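Here's a quick briefing to read with the model open on your screen. Have a look around it first, then we'll go through a few spots together.

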Amino acid sequence: MIHKYYVLKGLDCLRDGGIEAYIITSNYLNRDGEQLAEVLKQARLIGAYRLANNRFKDAGTEVGTDLLVLQKDSHKQGLTADETFLMTQYEEQGCPTNMYFKMYRDHIVSTNEMVDTDAYGKRGFVYSHKDGVKGIASDMQKALAKDMAANLDVALFESGATRRKTDGN
């Protein structure tokens with residue numbers, strides 16, 4: 001529930017066309033399809049990326065996290081196929097996961113995948129990247145650039161920026 005609050009509150013603070021990115025627990029995308037549906041009523045999906053569990057190892061934690069990138073669109077009508085995949089949870093090898101990552105394996109930013117227990121002691125996928133933070137950053141840069149080029153509504157982004165300038169805000 002708290003994840004939905006922060007994502008929706010972030011969207012409230014954005015102008016139409018604005019972009020928000022959240023690093024959020026993988027459990028949100030694995031288990032909260034109904035909450036995500038509410039978010040996707042007013043935002044376009046740019047991309048979602050499952051980060052390797054060793055992404056934050058230097059900070060003393062190894063936990064499953066996702067990067068969720070959205071563009072606010074308060075006049076949006078309907079969902080894209082990718083957004084529907086993102087809201088669809090399922091189990092694979094007895095582990096909760098998300099259909100989006102089954103459809104887009106390249107959005108799992110890792111070089112190794114195994115079934116183990118997650119940070120909460122539940123069965124789950126654990127991902128790692130053999131090249132550590134530098135490898136994760138390189139792979140993320142490529143994936144995000146591709147998705148921004150394909151999914152960002154530039155006209156919507158620029159129209160919001162133009163309105164702000166003419167409004168004096």
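Which residues form a nonpolar patch on the surface? In this predicted model, the patch is made by Ile-2, Tyr-5 and Tyr-6, and together they have about 350 Å² of accessible area. From there we'll move to the sheet, and then to a methionine in a loop.

**The surface patch**
- Tyr-6, one of the patch residues, sits in helix H1, which covers residues 2-13.
- Tyr-6 has a relative accessibility of 47%, so it counts as partly exposed.

**The sheet and its helix**
- Four strands make up an open sheet with mixed pairing, and their order is E1-E3-E2-E6.
- Strand E1 (19-25) and strand E6 (108-109) are the edge strands, as each pairs on one side only.
- Helix H1 packs on this sheet and touches E1, E2 and E3; the direction of H1 makes about 170° with that of E1.
- Strand E2 (residues 43-51) and strand E3 (residues 65-72) pair in the antiparallel sense, over eight bridges.

**Met-87, in a loop**
- Met-87 lies in the loop between helix H4 (81-86) and strand E4 (89-92).
- Is Met-87 buried or exposed? Its relative accessibility is 19%, and buried means under 20%, so Met-87 counts as buried.
- Leaving aside neighbours within four places in sequence, Met-87 is in contact with Gly-33, Leu-36, Ala-37, Leu-40 and Leu-79.
- Met-87 and Leu-29 are 58 residues apart in sequence, with a C-alpha to C-alpha distance of 7.3 Å in space.

Notes:
Residues numbered from 1 in each chain as written. Predicted model: local features only at pLDDT ≥ 70, side-chain atom pairs only at ≥ 80, totals over all residues. Heavy atoms only, no water. Patch = residues over 30% accessible without salt bridge, like charges linked within 9 Å, V, L, I, M, F, W, Y side chains within 5 Å. Areas by Shrake-Rupley, 256 points an atom, 1.4 Å probe, with all protein chains shown as cover. Salt bridge = Lys/Arg side-chain N within 4 Å of Asp/Glu carboxyl O. Helix = DSSP H or I, 4+ residues; strand = E, 2+ residues; numbered from the N terminus. Buried < 20%, exposed > 50% of the residue type's maximum accessible area, 1.4 Å probe, protein only. Contact = heavy atoms within 4.5 Å. Pairing = 2+ DSSP bridges. Axes fitted to C-alpha atoms, helices over the stretch in contact; angles between N-to-C directions.
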